[in-house]
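Student: I am new to this structure. Can you show me how to read its features, one at a time?
Tutor: Gladly.

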Protein chains: 2
Amino acid sequence: MCESKTIWWDGGLWLIDQTILPGELMPLCMKSVRQLIEAIKSLRVRGAPALGAAGAYGVALAADLSGASNALEMMAELENAADMIKASRPTAINLSWGVDRAMRAAALQETAEDIRKAALCEAEEIAEEDIRINKLLGKYGARLLDDCDNVLTHCNAGRLACVGWGTALGVIRSAVAAGKQIHVYACETRPLHQGSRLTAWELSQDEIPVTLICDSMSGSLMRKGKIDKVIVGADRITRDAVFNKIGTYSHAVLARYHKIPFYVAAPLSTFDRMHEEGDIVVEERDAEEICTLAGTRLAPRGIDVYNPAFDATPLELVSGLITEKGVFRPPLMPPI
Amino acid sequence: MCESKTIWWDGGLWLIDQTILPGELMPLCMKSVRQLIEAIKSLRVRGAPALGAAGAYGVALAADLSGASNALEMMAELENAADMIKASRPTAINLSWGVDRAMRAAALQETAEDIRKAALCEAEEIAEEDIRINKLLGKYGARLLDDCDNVLTHCNAGRLACVGWGTALGVIRSAVAAGKQIHVYACETRPLHQGSRLTAWELSQDEIPVTLICDSMSGSLMRKGKIDKVIVGADRITRDAVFNKIGTYSHAVLARYHKIPFYVAAPLSTFDRMHEEGDIVVEERDAEEICTLAGTRLAPRGIDVYNPAFDATPLELVSGLITEKGVFRPPLMPPI
């Protein structure tokens, strides 16, 4: 299976531009923190675990580009960069988690040069940890899948959403690596098509059988008995709900109605035990994402549009939270 | 409100090309039965009631273009045309209903010229009936809507799906005409965007407040209490199920889960009392409808795709069937 990374450091910060997949696999070098923030906002890099690494690497990038000659000056610059990076996509918790980890490592240092090294070292550690954690989470999750299962997934919680391997798709990869035959139904995931552009591409690269469907088809397939399990990733898991790509909640209700297990695969860094659903502001994105596609107009001009990036699925609809500490059936939660 | 027609006869058969809306409002003249069949297959004309009229007008067109000099020769030609038209979109029952009505009227005639007149006369009758029936159906349905309701609809069951007025949108138009404030959530309806291209356009033309959403957002909106009722049209209603645009079933289950009424608005010509769900073959459409849009590739080449045009919603999920004979709560059905 493909082991390449979606974000990495090689004399500078590099990432795969996910907006132009599956047409092109193009690495981009981030020349500034501003460019990284644009890449995060426009989803060139996306997916909760990948954003964790992007946040930490963003601090390392700010340090690398800084001309500060002492620790105090450097930390003031980094605080500023950290705030801007965290604000670029507020709903996904991993972004601020990654930024904070790199900032804590930086804050322990006494010289500007040590801060540079420490921030980069922490970002590299997060990136390596991410793959390790996903493989562990994948191993636990794979036990939930049976040979010949048909698994529905939404959006992309694959290696493109992480540094490598993936969360929801990591579970599927681990099951396949363990010798199980798994067939995936990938929901295209409107409006930005992460399912058709990224998940279908990733799985076909790995020769895991995949059938692409529109998001609205999941209910009908469940009714026909064509779906055995649903697995999705998460952008934030509060004490009471899973925030994930818009559409996840509908699949969860449909799964419950049809008595199909609904699993969420996410590392502990996605858990937010400080908050409840009502505390979280869901990012609303530009109307044009729904009204146009590659210059083609799909709706009349000036129409009202509602375009939230995420929805919240209450934990009572979740059959299991698949983490690197094992699988937890709500209201059970993984230990901190 | 706009009263123009989507299909009409004016020295020949004309229809609005619905594939290029909302960009352009372009009438097309059908020069042959083959061209009409292409227009039906490619959804230039679509929607169950409009297809009823298209079927009957198709027979009139075949008669108009025929050089047959006697009734026997003419009827042989028409039989052939009728079979081809009926086969062009087999799931929508109204198409064959319209063809059959025009054929029955033709079969009673004794000369080629009388057949021409009778087929056209029957098609014109169906077209006029359609608007009358929709307004009647709209009047019954409007009583189910309360002032300030937020109504979710899927696909386009508006005047573009009919000769005029509309079924699901006809109910909304009638409620608005009766002085109620109604706000509509229009699901974009992947893959062909009849919701964003047609429903959002129709409603904004009539200045009825509408918010466009992706199909996957309905569950989340219901959970937030933003949807009071769901109304959709139908392509065929068998003894046990409503066949309608793919995605309808998911909205129906979500409505049931959230205790929201789910209504189906359709004329009696959409009812198929001879069949059950299992008897009906659902049309599967080309994979490219999901994989590309206006030349832009949304999925890797060669990927497996499942693209049914319709799904089946069992009648037990339907709160009411809105017809020109009144509203019927299943298992009650309208009298024949």
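**Reading the model**

Tutor: Start with confidence. pLDDT is the predictor's confidence in each residue, from 0 to 100. Chain A has a mean pLDDT of 96, and 99% of its residues reach 70 or more. For the complex, the predictor gives an ipTM of 0.95 and a pTM of 0.96. This is a predicted model, in which local features need pLDDT of at least 70, side-chain atom pairs count only at pLDDT 80 or more, and totals for chains, interfaces and linings use all residues. Residues are numbered from 1 along each chain as its sequence is written, chains are lettered from A and ligands numbered from 1 in the order in which they are written, and side-chain values use heavy atoms, with hydrogens and water left out.

Student: At what angle do α3 and α4 of chain A pack?
Tutor: First, the terms. Helices (H or I, at least four residues) and strands (E, at least two) are DSSP runs, numbered from the N terminus. Axes are lines fitted to C-alpha atoms, for helices over the stretch in contact, and angles run from 0 to 180 degrees between N-to-C directions. Here α3 (residues 71–88) and α4 (residues 93–107) of chain A pack at about 170°, with axes 9 Å apart. So α3(A) is roughly antiparallel to α4(A) (under 35 degrees is roughly parallel, over 145 roughly antiparallel, 65 to 115 roughly perpendicular, the rest oblique).

Student: Which residues make the contact of α3(A) with α4(A)?
Tutor: Contact means heavy atoms within 4.5 Å. Among the residues of α3(A) are Met75(A), Leu78(A) and Ile85(A); α4(A) brings others, including Leu95(A), Val99(A) and Met103(A). The contact residues divide into nine nonpolar, two polar and three charged (Ala, Val, Leu, Ile, Met, Phe, Trp, Tyr, Cys and Pro count as nonpolar; Asp, Glu, Lys and Arg as charged; the others, Gly among them, as polar).

Student: Which residues of α1 in chain A are buried?
Tutor: Buried means under 20% relative accessible area, exposed over 50%, partly exposed in between (1.4 Å probe, protein chains only). In α1 (residues 33–41) of chain A, the buried residues are Val33(A), Leu36(A), Ile37(A), Ala39(A) and Ile40(A). They cover an arc of only 160° around the axis, so they sit on the same side of α1(A). The arc is that of the directions from the helix axis to the C-beta atoms. Their cover includes β2 (13–16), β3 (27–30), α2 (48–65), α3 and α4 of chain A.

Student: What does Arg44(A) touch?
Tutor: Arg44(A) lies in the loop between α1 and α2 of chain A. It is partly exposed, at 21% relative accessible area. Leaving out residues up to four places away in sequence, its contacts include Asp17(A), Thr19(A) and Glu38(A). Thr19(A) is 25 residues from Arg44(A) in sequence, but 5.2 Å away in space, C-alpha to C-alpha.

Student: Where is phi positive, and where are peptide bonds cis?
Tutor: Most residues other than glycine have a negative phi, and most peptide bonds are trans. Leu43(A), which follows α1(A), has a positive phi near 65°. Trp165(A) also has a positive phi, near 65°. Trp165(A) is in the loop between β4 (149–153) and α6 (168–177) of chain A, and is buried at 11%. In chain B, Thr189(B) has a positive phi near 70° and is buried at 0%. A cis bond joins Leu21(A) and Pro22(A), with omega about 5°. Another cis bond joins Pro330(A) and Pro331(A), with omega about 10°.
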